[in-house]
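Please read them with the model open.

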Amino acid sequence: MKNSAWRCITALLLTGVMLLFGALRVSAASVDVQHVPGVISCTGEFVPLDKLALNSRRESAYDAAFIQAFLALCDAQQEVLASLGEDDNAAISPAASSAYGAAVPYATIQTSATDINCYGYAARFLWWILPGDIAYSNGSPLEDASFPSTVNGVAGYAKDDLSRAGRTSRIIASATAPVNADEYRVAVRVGAMNGWHDFHFMIQHSDGSWSDKPGELPSQNKGMINPTSIPWPIYNADTGAIVFPNFYNSATVYLAVKKPYSW
């Protein structure tokens, strides 16, 4: 009973502080867009040029103080678990009791928050973040000229982030590959056009459906799909209309991700 109470308290504190951090974080960066009609933004949306100044936070700026505060919270969580004789990052997990592991219903995580992007939504970091922002001391390598053209590079940065935050993740073969009872599935693709690169993430739910969150746009339940066999569009940030029907046209990489402690 004592351990159960501590787990509940820790989960509530972790969720509350993460939401507070997400609400307080502000990011901006300058982008040279003089010769393009809009900007493909990290991530999941196309920002019309005349709206860019109103939406500067769409372009990530690494916030070292914020990340360090988040990691301190993660480390404190691990210390609490250790004191309870538990390991929230165990290498061996029990077999899933359903085909969808620890996935939760879409209704429990759907959001219209504008400060959460597709990666923050799918990885459950709950703020605007680029893969690699947590794991690398100077922020995501996607911020510089070496933006990887491969989906495996982006997936690798996501795995690095999750590991640093105390959560395991692993590449799995497909949308139906087995997951453990404490894992859920995430899908990722990348796309490139006219010199712009972007990535996009989806998350699976307890009924087998998938959803995503295109940048500042609301999350959307895409239903009982197979992410490998459908087009992944990029959307207009203001209207929600599809700009490019299959911008994210790489292979689809799947991750089995350790559930957040608050689930």
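1. Basis. This is a predicted model, in which local features need pLDDT of at least 70 and side-chain atom pairs count only at pLDDT 80 or more, while totals for chains, interfaces and linings use all residues. Residues are numbered from 1 along each chain as its sequence is written, and side-chain values use heavy atoms, with hydrogens and water left out.

2. Aromatic pairs. The structure holds nine aromatic pairs. Rings of Phe, Tyr and Trp (its six-membered ring) pair if their centres lie within 6.5 Å; planes under 30 degrees apart are stacked, over 60 edge-to-face, and the rest tilted. Tyrosine 119 and phenylalanine 201 make a tilted pair, with 4.9 Å centre to centre and 40° between the planes. Tyrosine 119 lies in helix H3 (residues 118-123) and phenylalanine 201 in strand S5 (residues 196-204), so this pair ties together parts 82 residues apart in sequence. Helices (H or I, at least four residues) and strands (E, at least two) are DSSP runs, numbered from the N terminus.

3. Burial of that pair. Buried means under 20% relative accessible area, exposed over 50%, and partly exposed in between (1.4 Å probe, protein chains only). Tyrosine 119 is buried at 1%, and phenylalanine 201 is buried at 2%.

4. A second pair. The ring centres of tyrosine 136 and tyrosine 157 are 5.6 Å apart and their planes lie at 85°, so the pair is edge-to-face. Tyrosine 136 is in the loop between H3 and helix H4 (151-164), and tyrosine 157 is in H4; the pair therefore ties together parts 21 residues apart in sequence. Tyrosine 136 is partly exposed at 30% relative accessibility, whereas tyrosine 157 is buried at 17%.

5. Cluster and charge. Tyr119, Phe125, Trp127, Phe199 and Phe201 form one aromatic cluster. Over the ring of phenylalanine 125 sits the charged end of arginine 167, 5.8 Å from the ring centre. The criterion is NZ of Lys or CZ of Arg within 6 Å of the ring centre and within 35 degrees of the ring normal.

6. Surroundings of tyrosine 119. Leaving out residues up to four places away in sequence, tyrosine 119 touches residues including Phe125, Ile129, Tyr157, Phe199 and Phe201. Contact means heavy atoms within 4.5 Å. Isoleucine 129 is ten residues from tyrosine 119 in sequence and 6.6 Å away, C-alpha to C-alpha.

7. Cores. A nonpolar core is a set of buried Ala, Val, Leu, Ile, Met, Phe, Trp, Tyr and Cys residues joined through side-chain atoms within 4.5 Å. The largest has 34 residues, and those with the most contacts inside it are Tyr119, Phe125, Val154, Val186, Val188, Phe199 and Phe201. H3, H4, strand S4 (183-193), S5 and strand S10 (253-258) each give two or more residues to this core; H4 gives the most, with six. A second, separate core of 14 residues includes Ala177, Met202, Trp232 and Tyr248.

8. Helix H4. The buried residues of H4 are Val151, Val154, Ala155, Tyr157, Ala158, Asp161 and Leu162. They cover an arc of only 155° around the axis, which puts them on the same side of H4; the arc is taken from the directions from the helix axis to the C-beta atoms. Their cover includes H3, strand S3 (169-172), S4, S5 and S10. Glycine 166, with a positive phi near 85°, follows H4.
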